[in-house]
Amino acid sequence: MHDSSTSNPFDAETWELLPAYFENLPNAVNIHVWGDPTAGPGEQEAERLVQTLAGRFSQINAYFFPSRANYPYYPVIGVFGRDNNEEPVDCGVRLIGLPSGYQMTSLITAIQAVSFQGASLEVKTRVQLQALDQDVRLELLTSADDEGGIMMAKTAFGLAVASPHIRSFLIMTDVFPAAAVRYSATYLPHLVINGRVHIDGVAEEEAVLKQIAKAVGNSEQPTVNSQQSTGS
């Protein structure tokens, strides 16, 4: 474990609220952090953030790993479940870049989604996911001031936990603007499914499932806007 500051990275108000989210988690989680704390403040702060959570809450465990070659975005925070032998179970939940602003809530959502095993999803959604037999990559582009990113993160992380075929990545575009440029994302939140199907704005679970179906099939018109995806 690397040395880092022992000061609390949370403000007093947030610190007081965290027990309501984490003290009664039904299943333990492992938080894996990849990065180099000597490379910059973001990677150092990610380690400090996770260390603080693990030090305070018994159901959260922290593990730290070096950066990997040929990947441009760090820190990477992965939230893992644990099996009966206390070995890590990869639930396909990742946050790319230090979560800040509204996306601190998305980190809380990620931990809860893994611990509660995706129970926040609608029953209909969980049933439909059982038919999924192809791999799906969800990339949620968001930022610190993107309140809608919280709702999309809840859906994306829940889907990843509920299906072994889905992996969900929340990407902080204010830290890594190149990700937004890559996908021509001018509106946040922006969800990219398998690199080609795009959803602007906040979408209901049903709308996201429909776009996943397009991504793994051969449907035309793969892009929807926020008005279509919310049904308004």
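View 1. Axes here are lines fitted to C-alpha atoms, for helices over the stretch in contact, with angles from 0 to 180 degrees between N-to-C directions, and contact means heavy atoms within 4.5 Å. Helices (H or I, at least four residues) and strands (E, at least two) are DSSP runs numbered from the N terminus. The model is predicted, so that local features need pLDDT of at least 70 and side-chain atom pairs count only at pLDDT 80 or more, whereas totals for chains, interfaces and linings use all residues. Residues are numbered from 1 along each chain as its sequence is written, and side-chain values use heavy atoms, with hydrogens and water left out.

**View 2. G92 in strand β4.** G92 lies in strand β4 and, at 1% relative accessibility, counts as buried; buried means under 20% relative accessible area, exposed over 50%, and partly exposed in between, with a 1.4 Å probe and protein chains only. Not counting residues up to four places away in sequence, G92 touches A160, I166, R167 and S168. Between G92 and L159 there are 67 residues of sequence separation, and their C-alpha atoms are 9.4 Å apart in space.

**View 3. S106 and T109 in helix α3.** S106 is placed in helix α3 (residues 103–115), and T109 lies in helix α3 as well. S106 counts as buried at 0% relative accessibility, and T109 counts as buried at 13%. Leaving aside neighbours within four places in sequence, S106 is in contact with L95, G149, I150, A153, F157 and L170. T109, with residues up to four places away in sequence not counted, touches A153, K154 and F157.

View 4. The structure holds 8 aromatic pairs, where rings of Phe, Tyr and Trp (its six-membered ring) pair if their centres lie within 6.5 Å, and planes under 30 degrees apart count as stacked, over 60 as edge-to-face and the rest as tilted. The rings of F22 and F57 have their centres 5.3 Å apart and their planes at 70 degrees, so this pair is edge-to-face. Since F22 lies in helix α1 (residues 12–22) and F57 in the loop between α2 (41–56) and β2, the pair ties together parts that are 35 residues apart in sequence. F22 is buried, with a relative accessible area of 2%, and F57 is buried, with a relative accessible area of 3%. W34 and F80 form a tilted pair, 6.3 Å centre to centre with 45 degrees between the planes; W34 lies in strand β1 (residues 29–34) and F80 in strand β3 (residues 76–82), so this pair ties together parts that are 46 residues apart in sequence. Both W34 and F80 are buried. Ring pairs also link F10, W15, F22 and F57 into a cluster. Elsewhere, the charged end of R137 sits over the ring of F169, 4.0 Å from its centre, a term that requires NZ of Lys or CZ of Arg within 6 Å of the ring centre and within 35 degrees of the ring normal.

**View 5. The nonpolar cores.** A nonpolar core is a set of buried Ala, Val, Leu, Ile, Met, Phe, Trp, Tyr and Cys residues joined through side-chain atoms within 4.5 Å. The largest one has 54 residues, of which I111 and I212 touch the most other members, and its largest share, 7 residues, comes from helix α5 (residues 148–162). Not counting residues up to four places away in sequence, I111 touches F22, L25, V29, I31, L53, I60 and V79. Apart from this core lies another, of 15 residues, among them F80, I96, L141 and A185.
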